[in-house]
Amino acid sequence: YINYYYFGQFMVAAFVRVTGIPTEVAYNLAVPTFYALVVGAAFSIAFNLAEGARRAAADGRDGADGVPWKSLAAGLTGVLLVAVVGNLDGGGQLVQGAWARLVQHLPFPAFDYWRSSRMMPPDPPGWEITEVPFFTFLFGDLHAHVMALPLSLASLGLGLNLMLQGARRGPWLPQVVTLALLALVLGALSATNAWDLPTFLAIAVAAIAAGEYLRDGRLEVRTVARLGLLLGGLAILATASFAPFHLRYHNAFGGVVPSPAATMLYQYLAIHGLFLLPLVTLLVYETRSLWRAVLFSVVQGLRETAGAPVGGSPGGVPVGLLAMVIPGTALLATAALGYATVAFLTSLLALAALAFWLSLRDARGAGPFTAFVVLLAGVGFAIGLGLDLVTMKGDIDRMNTVFKFYLHGWVLLALAAAYALWRLDYGRLLAGHRQAGARRRRWGHWAWSGLFVLLLAAALVYPVLGTRARLADRFRALPLTLDGAAYMVGASYFDERGAVVLRWDAEAVRWLREHVDGSPVVLEANTPIYRWGSRVSIYTGLPSVVGWQWHQEQQRCGVPGCPDVQERIRDVETIYSTTDSEEALRLLRQYGVRYIVVGETERDYYPSAGLAKFDRMFQEGKLSLAYENQQVKLYEVSASS
């Protein structure tokens, strides 16, 4: 069995089997399929948030009908921010390149598409992966986090639906159906990429709770009872729908430990800065009534010369001043201790909590939509804050923890920022009305808009130059093709052991795929990670004695140095290296090996004396030669051996 979250790979493999499309082509269809699903889901959520809020605010008044151009723009903005833009490193590289060319008179450096996914140098010791969705799809890595993205977005849409169903006191049947769908999606999410479950389950629970609170307008016993029934049903259905997976799965990354490092504030801003400008502006705008009350309290208190001032504390200190000074001092102390990002995000999280509370008070207007958006932003802020304090136990420093959860934060903040831009009318709301004193606000609007356009331009550098650099990072130039194995015809692979001309492996793989039925076990070289090992099992789908070492250890035992995997690696070494044909034959029988691969990779990694025995075993009738080309031989273990 595989102790890993594998449902995404299973879904893709099922489509490959049903359609019969060759895997090297199907893989290059699967990657854009998931990208299309992400684009569609991002558009749907952003559009429906904006259009729902617009209709709720109109509430039957003129303006509720007609083509919702601005809501469509919000949907497209959601697509742009979630799936197209990169982080601000692209713009940074462009500025650095211009400086080198114009000031230092050096050649303009090549764009480094990889650097933008490692935004927390040095690496090592940092190791943190800071991928964004566009990098993920550009890199073409059909990994668990890629296949979980559409499911994560689907859970957000269903969570929003449940929140609105509760707020509108609708019939129970649509709510139950939506809850069942959400349970199925969350169950699939846990088996596709387990890292996603905590984040998106928390949002789903909060959305359901907010909907039930809005249904009654206050917290009552029946509210809690109904919420418990809904969440209990959600948990039972989500677990039961993937019970076989959960009964066997053991999480190798269970628990948390103190984080070994903290994200520098400039690093966080370089990753999420594009989203923070509209989000912070929206949060301040939505809480403006509270800020006015605080400022009034401060001014009122400072004007008093004695006694207990109106709006002040009994000691004569204005409440508003206390509300600003005490948490402000605590945050400054936190920043001084090296946790500036924690202090910054704590401030934003507190602001989001205030905005969420105020939005829930507008139950019949656009409040529920704004509350859901603020919930997304708040969870996004909490992710960045929490990862500076704790990391997953068993991780390589913070590598995978930052990788997985920052990707969640990106999606949440991007969707929330798309709504924020729509709510702020893309900055025009900041200009105010044409009245006395409004000129200053219009200047503020232009300054805000100019800064956002600058940040957007910096984020759009990566899709342009990063794509160009990624396409150039190949074994060799080829015509446009969906064939992911076409490069093997004329390419060579080099590592510290020697060179491998790939066409000979490609021809042996093609023979196996055309002439072998069933799933016989193949023996091939086991190499260090990130080498050309396991190439036959990869390109044929046939099982091998042992695969890529760390993945095998992770997915079979959950720990490095897994004894079973180490034993298999040693046995593969023995089969290829020993000169004793009987010992080799015993191990071949033990693992049920039918085909033995001897190619350039095997000759690079194992002694020639050991490989020579296979020819002797062929002469003795213990093996047959099933296939041969200039560099690769495929020996078949005789049934009588």
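Predicted model: local features only at pLDDT ≥ 70, side-chain atom pairs only at ≥ 80, totals over all residues.
Helices are here taken as DSSP runs of at least four residues, numbered from the N terminus. H2 provides the largest share, with 4 residues. The space in the second largest pocket comes to about 490 Å³, and 22 residues line it. Nearest the centre of this pocket lie Ala53, Ala57, Ala366, Trp422 and Arg423. By class, the lining of the second largest pocket comprises 12 nonpolar, 4 polar and 6 charged residues.

The protein chain has 641 residues, 49% of which count as buried. Its secondary structure amounts to 24 helices and 8 strands. Along the principal axes, the C-alpha atoms fill a box of roughly 105 × 70 × 55 Å.

The largest cavity holds about 40 Å³ of space, and its lining is made up of Tyr493, Asp495, Gly498, Val500, Trp532, Thr601, Asp604 and Tyr605. Two or more of the lining residues come from each of strand E3 (492-495), strand E4 (498-501) and helix H23 (600-605). Of the contributing elements, H23 gives the most, with 3 residues. The lining of the largest cavity divides into 4 nonpolar, 2 polar and 2 charged residues.

The second largest cavity has a volume of about 30 Å³. Around this second cavity are Asn526, Thr527, Gly533, Ser534, Gly547, Trp548 and Gln549. Its lining has 6 polar residues and 1 nonpolar residue, with no charged residues.

Attention then turns to the outside of the protein. A nonpolar patch on the surface is formed by Trp172, Leu173, Val176, Val177 and Leu181, which together have about 510 Å² of accessible area. Trp172 belongs to helix H7 (residues 172-192). Is Trp172 buried or exposed? Trp172 has a relative accessible area of 63%, and since exposed means over 50%, Trp172 counts as exposed.

Methods. Residues numbered from 1 in each chain as written. Heavy atoms only, no water. Patch = residues over 30% accessible without salt bridge, like charges linked within 9 Å, V, L, I, M, F, W, Y side chains within 5 Å. Areas by Shrake-Rupley, 256 points an atom, 1.4 Å probe, with all protein chains shown as cover. Salt bridge = Lys/Arg side-chain N within 4 Å of Asp/Glu carboxyl O. Buried < 20%, exposed > 50% of the residue type's maximum accessible area, 1.4 Å probe, protein only. 1 Å grid on protein atoms, 1.4 Å probe; cavity = no way out; pocket = protein on both sides within 12 Å on 5 of 7 lines; lining within 4 Å. Points joined across faces, edges and corners; volume = space filled by probe spheres on them. Nonpolar A, V, L, I, M, F, W, Y, C, P; charged D, E, K, R; others polar.
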